[in-house]
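Here is a short briefing on one protein chain. Keep the sequence and the 3D view open as you read.

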Amino acid sequence: MNPFKQWAGAFAGMLLVMSGAAGARPSEKMELPDWSKTPVQDRDLGHGVHMLESFGGNIGVLAGEQGVLLIDAEWPQLHNKVLAAVAKISKQPIRYLVNTHWHWDHVGGDGLFGKAGVVIFSSEQTRDYIEKAQAAKSSPPGSPYAPDPAAVPVVTVNNGVKFHLSGQTVEIVHVPPAHTNGDLIVHFVEADVIQTGDTFFHGFYPDIDQPHGGTIDGMIALYDTLYKMSGPNTKIIPGHGPVANREDVREYQGMLREVRYRVAKAVAAGMTEEQLVASHPLDDLDKKWGGNLIKQPYLLGIVYEELKDRQKAH
Ligand SMILES: [Zn+2]
């Protein structure tokens, strides 16, 4: 157990409150916004690709004469605003939806899309986690993971799949474990856009869902892959935060390497998690990366526990 997780007030916390799924994290409350005052904003990235930015995970949109493909589904409370934003981009129907991973702020709208006949794609792991979270029956109707067959992905992706829509190619790649073990990243080839899901947050510390196969070393390694996939003009849609480029990814990797190095040093020196947190080892990094949803004690806690567990295994 990580006593600091309650401070996160963020993604990992809400998971348990809503789903009761993982069992490993203490119950936490997240401040939800006034949905009626929460806008869904459209960023036009060219070639029919848009990013919709709001309270939950960023949505990728590919619009063309063969219909609309969405990447991620937002909170159900924002569904009508998402539909309205998409309708401004295209008059064509939404036909396909890809879930980058299983977290509620990326799949919460699945059931509403599914009922409307949208075909939902995910990794095997993501489908499995959604099914298990639904089976726990701890989510009230209308919330993510409420029992609903329409919210379960119908097509699962093992290694990858390609969409060929409206003259454009969209590659969906199942990457090695990073944020979870079921992460899909998306490459809009002609548009030169990459969507990362929560493997990358732009501008603030990451979250890593270790109970579902996430790992800090996988996160750090994935940034090499993202960098190599990107050119100097590639636009990167992060899980959360504004549009980024490959230099942002490189800088983020440097930050996370530094975090890992400092925590590993503390583990090797035999520090307890409480001692580590009390020593404020990330205060310098906080200035740039600590000002959003993920705070220093939470990040230290999850990285410490992962490295400590690995030490025990040896
Ligand atoms: Zn996530």
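How many residues lie between S2 and S3 in the hairpin they form? There are 5 residues between these two strands. Keep in mind that this is a predicted model.

**The whole chain**

- The protein chain has 10 helices and 12 strands.
- Its radius of gyration is 19 Å, close to the 20 Å that the globule rule gives for 314 residues, so the chain is as compact as a globular protein of that length.
- Along the principal axes, the C-alpha atoms fill a box of roughly 60 × 45 × 40 Å.
- Buried residues make up 49% of the 314 in the protein chain.
- Take the contacts with a separation of 6 or more: 63% of them come from residues 24 or more positions apart.

- Begin with strand S3, residues 59–64. This strand is mostly covered, with 5 of its 6 residues buried.
- On one side of the pairing story is strand S2 (residues 49–53), which pairs with S3 in the antiparallel sense over 4 bridges.
- Within that pair, Met51 stands opposite Gly60 in S3.
- S3 also joins strand S4 (residues 67–71) through 5 bridges, and these two strands run antiparallel.
- S3 and S4 form a hairpin as well, with 2 residues between them.
- Here the bridge partner of Val61 is Leu70 in S4.

**Val61 and the nonpolar core**

- The largest nonpolar core has 77 residues. Val61, Leu70 and Val186 have the most contacts inside it.
- Which helix gives the most to this core? Helix H7 (residues 246–268) does, with 7 residues.
- Now look at Val61 again, leaving aside its neighbours within four places in sequence. Val61 is then in contact with Val49, His50, Leu52, Val68, Leu70, Val86 and Ile89.

- Is strand S6 (residues 119–123) largely enclosed or open? The strand is largely enclosed by the rest of the structure, because 4 of its 5 residues are buried.
- Strand S5 (residues 94–98) is joined to S6 by 3 bridges, and the two run parallel.
- Leu97 has Ile120 in S6 as its bridge partner.
- S6 pairs with S7 too, in the parallel sense and over 3 bridges.
- In that pair, Ser123 has Val157 in S7 as its bridge partner.
- The chain crosses from S6 through H5 to S7. This β-α-β crossover is right-handed.

**The open sheet**

- An open sheet of 5 strands has the order S8-S9-S10-S11-S12, and its pairing is mixed.
- Its edge strands are S8 (160–165) and S12 (235–237), each of which pairs on one side only.
- From one strand to the next, the twist averages 15 degrees.
- Inside this sheet, S10 and S11 pair in the antiparallel sense over 3 bridges.
- Phe188 stands opposite Val193 in S11.
- In a regular strand the side chains alternate between the two faces of the sheet.

- Most residues other than glycine have a negative phi.
- Lys137 is not a glycine, yet its phi is positive, near 50 degrees.
- Where is Lys137 found? Lys137 is in the loop between helix H5 (124–135) and strand S7 (155–157).
- Lys137 is exposed, because it has 12 other C-beta atoms within 10 Å, and 12 or fewer counts as exposed.
- Asp192 is not a glycine either, and its phi is positive at about 60 degrees.
- Asp192 lies in the loop between strand S10 (184–188) and strand S11 (193–195).
- Asp192 is partly exposed, with 17 other C-beta atoms within 10 Å.

Note on methods: Residues numbered from 1 in each chain as written. Predicted model: local features only at pLDDT ≥ 70, side-chain atom pairs only at ≥ 80, totals over all residues. Buried ≥ 20, exposed ≤ 12 C-beta atoms within 10 Å, placed from the backbone. Pairing = 2+ DSSP bridges. Axes fitted to C-alpha atoms, helices over the stretch in contact; angles between N-to-C directions. Core = buried A, V, L, I, M, F, W, Y, C linked by C-beta atoms within 7 Å. Contact = placed C-beta atoms within 7 Å. Rg over C-alpha atoms; globule rule 2.2 N^0.38 Å. Right-handed = clockwise from strand over helix to strand, strands pointing away.
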